[in-house]
Amino acid sequence: PKPSKPWSMHSSYHDAVSALLEEHDLFFDFHTDDDSDCEKEHDTNVMGRFLCHNRDCPNRGWSSKKIAITIRMYPGAEYSARVYHQRCKACDELSKPKLDDSYAERVAYRLKKWCGVQLEIQQHLGWSRAP
């Protein structure tokens, strides 16, 4: 099935995000209307896997340590996270990712930070400090 947009929302991960927020007595709902005005916005990356759905393509799938997302916070303790799809390098087919635990960790980290929770700086796997 071809995604209609080059991004998607993943409300199915809300319970995992909520569990990480509850450790700091924070409670957010998932905001389903992504086009409304947000209070804060942050771009970051998560990790996951993609499947190529083109039956004629020799590439069955790939993993990525750099899946772009935009995290947004809305009035009334709501958030959303837009996850951007990637194209298969072999056939250019757009694919929606299957995300790993980094999604919930990154979203919760950002919401905690915006709410003033004192946190250690998050280490991002796959990033180099070299020039």
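Mentor: Helix α1 passes helix α2 in a right-handed crossing. This is a predicted model. α1 covers residues 14-22 and α2 covers residues 102-114. Their axes come within 9 Å and cross at roughly 45°. An angle from 65 to 115 degrees would count as roughly perpendicular, and one under 35 as roughly parallel. The two helices are therefore oblique to each other.

Now the contact itself. From α1 come A16, V17, L20 and L21. From α2 come Y103, A104, E105, V107, A108, L111 and K112. By class, that gives nine nonpolar residues, two charged and no polar ones.

Next, the core. The largest nonpolar core has 27 residues. Within this core, V17, Y103, V107 and L111 touch the most other members. α2 gives the most to the core, with six residues. α1, β3 (40-51), β4 (61-74) and β5 (78-84) each supply at least two.

Take V107 on its own. Leaving out residues up to four places away in sequence, V107 touches V17, I69, I71, Y79 and A81.

Finally, the setting. The protein chain has two helices and eight strands. From the N terminus on, the order is β-α-β-β-β-β-β-β-β-α. Of the contacts with a separation of 6 or more, 65% join residues 24 or more positions apart. Buried residues make up 43% of the chain's 131 residues.

Key. Residues numbered from 1 in each chain as written. Predicted model: local features only at pLDDT ≥ 70, side-chain atom pairs only at ≥ 80, totals over all residues. Heavy atoms only, no water. Axes fitted to C-alpha atoms, helices over the stretch in contact; angles between N-to-C directions. Helix = DSSP H or I, 4+ residues; strand = E, 2+ residues; numbered from the N terminus. Parallel < 35°, antiparallel > 145°, perpendicular 65-115°, else oblique. Left-handed = near helix turned anticlockwise from the far one by under 90°. Contact = heavy atoms within 4.5 Å. Nonpolar A, V, L, I, M, F, W, Y, C, P; charged D, E, K, R; others polar. Core = buried A, V, L, I, M, F, W, Y, C linked by side-chain atoms within 4.5 Å. Buried < 20%, exposed > 50% of the residue type's maximum accessible area, 1.4 Å probe, protein only.
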